[in-house]
Amino acid sequence: MKKSRNKKMINAMTVGVLATGVLLGTSTTNSFAINETGANDLEATQNGIQESIKTSRSLYVDENTEQTETINKGIHDDENSNNIMGVQYAPDEKVRVIIELKDAPAKDAKENKVKMNKLKSGHKKVKDNITNKGIKGEFRHDYTLGVNGFSMETEYKNIKEIKDLPEVSRVTIARTHSYDMVSSKNMVNAPTVWKKLGLEGDGMVVAVVDSGVDYRHQDMKLTENGKKQARLTEENLREKLDGTDVNDVYYTDKVPTGYDWADNDNNVIPKGAHGTHVAGIIGANGDESTDGVVGIAPGVQIIAEKVFSDTAAGAWDDDIIAGVQHAVEMGADVINLSLGSPTGTVDEEYDPLQKAIRNAVEQGTMVVAAGGNDYYSTLNGVSLPQAKAPFAENPDIGMVGAPGVSPFALQVASYENDKQKVFKARLSSGHEMGYQKTYTNADIVTRLGENKEYDLIYAKAGKYEDFKDIGDCTGKIVVVGTDESYNSYFPIQQLAQNKGAVAVIMRAPTSYSDYPRVPVASSYLPLVTTSIADGNNLIEKLKNGESLKMSFSNNPLWVNHDRAETMSGFSSWGTPENLDFKPEISAPGGRIYSTTLNNEYDVFSGTSMAAPHVAGGAALVLEALKAKGEDKNMETALKAKIMLMNTSKILIDKTSREQTPYSPRKQGSGLMQIDKAIETPALVYDREASLEKAGAVALKEIKGNKARFNLTVQALDGKSIPKDLNYDVYIDVLTDETAVKNYDNDLDGTIDKTANTLTMKSIRVDGADVKVNGKRISNEDSSLIHIKKGKKEELNFEIDFSNATNLKDNMFVEGFVRLVPHDNNQIPELTVPYMGFYGDWNAVKNIDAPAYDSDNYFINYTYLLDQRDAEGPLGYDPLTKKIDPERHATSPKSMLDGPFPQYTLLRNVKELVLLVEDKNGNVIKHITDFDFYNSGNIKIKKTLMPFNKYAYADPGLYWDMTDDSGNIVPDDKYYIVLKSTLDWENAKPQMLKFPIKVDSVAPEAKNIQVTEENGKYRISWDVDEEGGSGYEGAILFVNGKYVIQKDGMTSYVVNTKPEGIVVLAYDYAYNVRHTVYGTPMIDYKMLISYFSVYGPSVNYKTPAVFSAYANKKIDWTVTIKDPSGNVAETLSYKNVWNMESTKWYPKQGQPNGIYTITFDGVDEFGFKVTTPPKTITVVNNQ
C-alpha cells in the first residue's frame, strides 16, 4: 500500500489521465531478444522475446525470422511430349516458361544502351504478338545479358504456338530445384577450399560453447580423412578427461567430448536446437542429395560445451568461462561463441569472460563470437513520428555485444543467405508453390495429412466482416491476404476455425518479406504463409471464381531469398563505447539451413548463424597454416584473424543512393572469403596496433582536420609466394548519410520539430584529400606499391578534411583501404577497414533531453515522476498534452514520498550519480551512485529501445526533501540532477537537471460564498496560493457528501441548498487544506481515505493488524476499547500519512470479547475527523 499510495484517494484527486502522446515506460530491467516477423526492423522490435542480460546471452534470431521465395531453373522442353523430367502437365495447367529469342544477347553489361534497348524492343514485339494471338498469361522477367528473352506464366497447351513464332528460338519450362546449404557455403567459397586446396578441417577441433549438441544426429559424423587425422580419440582423450575436475566423457569420433556446465552433468544433448544448428554449420557431414547438411569444415571434430540449462533460460558467465577453459584444455583450435549481451563494454575487469577469451587466444585458440541481433540502439516502437529515425546528433547507436567486443575475439556480423528453404504445397493442377510453417502452431501436414487435397475459399483480409458472408468453410482451407501488422494473427485462426475451416493460408502484408513466420496461437488451426507473388496469384484465381484444391507436404523447396545480397537488418551496429573497431567480419547468417535435434533440420537466422561460418572458415585457415609448419600459438591465431579480415569482400549497399559500401560499423571488413584468406601472399595491418586489433584501424577521436594512420604490408615467404607483388592502393572515405526531416508529432497539421536524421546508409565524403606516402589517392585513383617476397612496405596515410563539404562535426568517418593486385589477378585483393569519430566523442548526449524540452528530446520518456501514479509525469497538463517544468513541485507535508527521475540513457556510462542541488548549484543531497548497477560485470548500459525498453526508473530512489544531514530543506527552487560520465578515457561528466520546487504551504480556499441562481446555488471561493507551487484544483463536499473534483475549479453550481461546505484545495506539490463553510457534516473520508482492521482471533500471542491512510501527513490517535467500553489502550502517531500493517497485542489477562478500534486524525490546521469503529475479537487471552 505504501508504494501505490491509497488508490482511492489518488484516483479521486486525479486531475486528468495521461494523454496518448506522452508514453510511459518505467522498466528498470535490461533485457534483450528479437523476434522478426519479416515486416521490417521496426516490426521486429514489437514482437521481441525478452530475456535478462545476466542470464540470457544467446544471439541467434529465432524461428520467426525465416522467410523465403521460390526459385525456378530452366530445363528444355521436348516438343513431342508433355512429360517433362517425369512431371505430367495437363493442357490447361499453368506453367512458368523462359522464351529465348533468336537475336544474340548482350555479351556483358558494358554494351551500349542502344543494343540493350533494341533487344527489349524485340521482346515487346514478341509479347504483343503473343497477346494478339489470344494467348493468355502473365509476363514476368526480361533478359538481355547472356540470355535474350523473357519469362511468362501461361497454360501448358500454349507452348507449341509460342515456339512457332518466327522470332523464338527456344521455350523452356521452368521448374523448381531441390537446394541445400551449399548456397551459404558458396558465398564464403568453402567448396573451393575443399576441391582446390584439399582442406576440409581434418585434424582440427572446434568447440561449440552453446546450448549443447545432439551428437546422435545422422550428419554429425567425420569424413574419412577426418577419421584418419582425428586429433581426439577415445584412447588419447582418456588422460585429458581423467585430469579434469568434472565427469566429462567420450561421446563419438565426431563429437569426442564436452560437458554440460549449466546443469553440471555430462549430458550435452540439449532440449533446444540452437547449438546443434551451430555445430552443423561448422562441421556437419551429411548427404545433401537427401537434404542433409555439409558444414564449412566437414572434417573437424566438435567439442560440445553446453552452457545453457535445460531447466532455465540463459547462460551464465561462469558456465561460459568454464566451457571456454575446458575447450582450451581439450585442445580446441577454434571456439565459437554464438551468444552474448547487447551494448557490450570492452573491459576485462568488468567482464571476466573477456579475460577468458584473451587467455584462450594466448594459448593459440582462435575465438569467434557473434556480433548480436540487436539492430541499432535507438530503433524503437514509440508512436512518436520523430522517433522513427536516429538523430544525427546521437551517432552512438552501436549495439555490438559482449563478449564479442573483446579485442581478442573475431566478432561477426550477419549477411543474408541468397537461398532459403520452405516446404512444398501443390495445387490439384500440379502447380507447386512454397509455404512456411509457424513454430508455435500445429503442423499442417500432421493435422491435414500429407498430399491430401482440400478446397480453398477466399476470406479477403480475414477480418470479422470478411468471414460473415463467405458461406460454409467446413473442411476447407481459408485463403486470406492482409496488409495489416499484428502482434499475433490468432484472430484470423479463431474466425476461420469458428467457420469450420481446417487451416489458413495467409499472404502476409506486402511490407513483410516472403514467407514470414508470423506470431500465431498454438491452440487454433494451422496457419501457413506464402510468398507475396504466390499469395496474390491464389487470391486472384479465387476472386475470379476458379475452384482450387491444395495439398501439403514436408518436402523441402529451396527458393530465392528476397533479401539476398543485403546485410541482415537485425545484425548489430558497432562501435563499442571505446571506439574500438567492431564488428570485424561478415558471414551468411540470414535464413541458414542446418541440423537440429533428432535427425531433423531447420532454417534459423542470426549472427549466431554467421559466427559458425567464420569458425569453420577459421578452422580451414588454421589447417592450412598448420600444413605450412606454423605452430599453434597466439601469433598464429591472430595471423589467421588478419588473413580472414584482409581478404574479405567489401559489401555494397545496393539500396544506397551512391551504391556505396555498407558502413564498416555494419559489415566489418566485409564478407569472409576462405580461399582468398588461405591463398593470400601478403598481409596488411595497422602498424601502431597490437596484433589482436591490427586487422582494422580504430582512429578513435579525430581532432582537427586531419587523420593519420600507418599500415604495414608484409609479403609472406614460401614456395608459392611470387617474388614480386604489386598492388594499386585505393581508399574509400565514407560518412553517415543524413536527411533533414520535419515532424508533426501531435498530428495537428503543423510542424513541431525539424531534425537532422541518420538514413543508416553511407555516402562518400566530398572534398576529402587523401595521400599515401605523399601520393594522392581516392576510390578511383590509386598509387602503385611494390613489395619483394618476404619483405615489408610501409604505407603512411593522411586524410585532410579541410575542404570536405558534407562532413560535419561529431560524425563518423570511415572506409576501406583497398590493395588491388596490379598485374596478377590470381592473388586476392586486400582490405583494411578504418573508422574514427570526427569531433568530440564526449560531446554527444549521454541522456536524452527531458520530454518538456521539445526541441531536443528524441523520445519523450525522460521526466520526473512521483507516487501520483495515475497522473503521469510531474507537470503534465492533459489539456495541452505537454509538461510544464514550472509545475514540478513537491511537499514534505504531502502523502508522497518524493520525486524521482525516469530517463532514457543513450550511451553506456561508467558513472551515474543522482543528487540534488540548490538554486545556486550547491550539492545538498547525494541520493545514489547506482552502485547496484555496477556490481559484478554489469555496467550502466544504454537503454535497450529495440526491445521496448525506453527508460530507467527506480521509484525507491526518490528525493525525500532532506539534505545530507537529514533535515527538511526550506521551501525554494532546487534541481534533481543526473550526473553521467561516459565510459571513455578522460570523459567529463554531463549534467541533466530537472527543476523542482519545494513548497510546504497549502493553498487556502477563502471567501466562500453561496449565490442563488435560478433555483440553483453557485458556490464560489477565492484561492490564496501566492508564492507557492500553484493552485491545481479542488474537491468539493456539500452537506457532507462528495460532489466533484475539478482542475482549476473556483466555483460550482449545485441543485441543493448548501447547509455546510468543505473545499479541499490542493496545489501542484500535493499540499492539501480544508476550508469549512456553514455547519457541514464532516465525513472521515475528507481526511482519512482508507482504513482497515483485521483481528478475528486476537490474544497476547496473536495481534490485531490495522492500516490507515490519509491524504496528507497528520497526527493520529488510535483508541482501542474493551467489551465494557473502557479504553484498553491509546496509540499516537505524529506527522505521518499512514499506519501500514500496525500490530496491536492485548496485554495478557485483558478480558476476552469484542473490542472496538477508532482512528482520529487532525491536520496542522486543526481539521479533525473520526472514523467509524471497527471490531476485533480477543480470545484465549489468559
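Me: Which residue does lysine 632 form a salt bridge with?

Reply: Lysine 632 forms a salt bridge with aspartate 333, and the closest N and O atoms are 4.0 Å apart; a salt bridge here is a side-chain nitrogen of Lys or Arg within 4 Å of a carboxyl oxygen of Asp or Glu. The pair links distant parts of the chain, 299 residues apart, since lysine 632 sits in the loop between helix 16 (607–627) and helix 17 (634–646), while aspartate 333 sits in the loop between helix 10 (317–329) and strand 14 (334–337). Helices (H or I, at least four residues) and strands (E, at least two) are DSSP runs, numbered from the N terminus.

Me: Before I go on, what kind of model is this?

Reply: This is a predicted model, in which local features need pLDDT of at least 70 and side-chain atom pairs count only at pLDDT 80 or more, whereas totals for chains, interfaces and linings use all residues. Residues are numbered from 1 along each chain as its sequence is written, and side-chain values use heavy atoms, with hydrogens and water left out.

Me: Back to that pair: is aspartate 333 buried or exposed?

Reply: Aspartate 333 is buried, at a relative accessible area of 7%, whereas lysine 632 counts as partly exposed at 40%. Buried means under 20% relative accessible area, exposed means over 50%, and partly exposed is in between, with a 1.4 Å probe and protein chains only.

Me: How many salt bridges does the structure hold?

Reply: The structure holds 57 salt bridges. One of them joins the side chains of aspartate 732 and arginine 818 at 2.9 Å, N to O. Aspartate 732 lies in strand 30 (residues 724–743) and arginine 818 in strand 36 (residues 811–821), so this pair ties together parts that are 86 residues apart in sequence. Both aspartate 732 and arginine 818 are buried.

Me: And what does lysine 925 pair with?

Reply: Lysine 925 forms a salt bridge with aspartate 960, with 3.9 Å between the closest N and O atoms. Lysine 925 lies in strand 44 (residues 923–928) and aspartate 960 in the loop between strand 45 (952–953) and strand 46 (972–982), so the pair ties together parts 35 residues apart in sequence. Lysine 925 is buried at 16% relative accessible area, while aspartate 960 is partly exposed at 32%.

Me: Changing topic, which residues does the UniProt annotation "active site" cover?

Reply: According to the UniProt record, an unreviewed entry, the annotation "active site" covers Asp210, His274 and Ser608. These residues span 399 residues in sequence, yet no two of their C-alpha atoms are more than 9.8 Å apart, so they gather at one spot. UniProt positions are given in the numbering used here, feature names are shortened, and annotations may be inferred rather than shown by experiment.

Me: Where does aspartate 210 lie?

Reply: Aspartate 210 lies in strand 11 (residues 205–210) and is buried, with a relative accessible area of 0%. Leaving aside neighbours within four places in sequence, the residues in contact with aspartate 210 include His274, Glu305, Lys306 and Ser338, where contact means heavy atoms within 4.5 Å.

Me: What does the side chain of histidine 274 make a polar contact with?

Reply: The side chain of histidine 274 makes a polar contact with the side chain of aspartate 210 at 2.6 Å. A polar contact is a pair of N or O atoms within 3.5 Å; within protein, one must be able to donate a hydrogen and the other to accept it, and residues adjacent in sequence count only if both atoms are side-chain atoms. Histidine 274 is found in helix 9 (residues 274–283), and at 4% relative accessibility it counts as buried.

Me: How many residues are in the largest nonpolar core?

Reply: The largest nonpolar core has 75 residues, and among those with the most contacts inside it are Ile302, Val334, Leu620 and Ile674. Helix 16 gives the most to this core, with 12 residues. A nonpolar core is a set of buried Ala, Val, Leu, Ile, Met, Phe, Trp, Tyr and Cys residues joined through side-chain atoms within 4.5 Å.

Me: How many residues of helix 16 are buried?

Reply: Helix 16 is mostly covered, with 19 of its 21 residues buried. Helix 16 is followed by glycine 629, whose phi is positive, near 95°.
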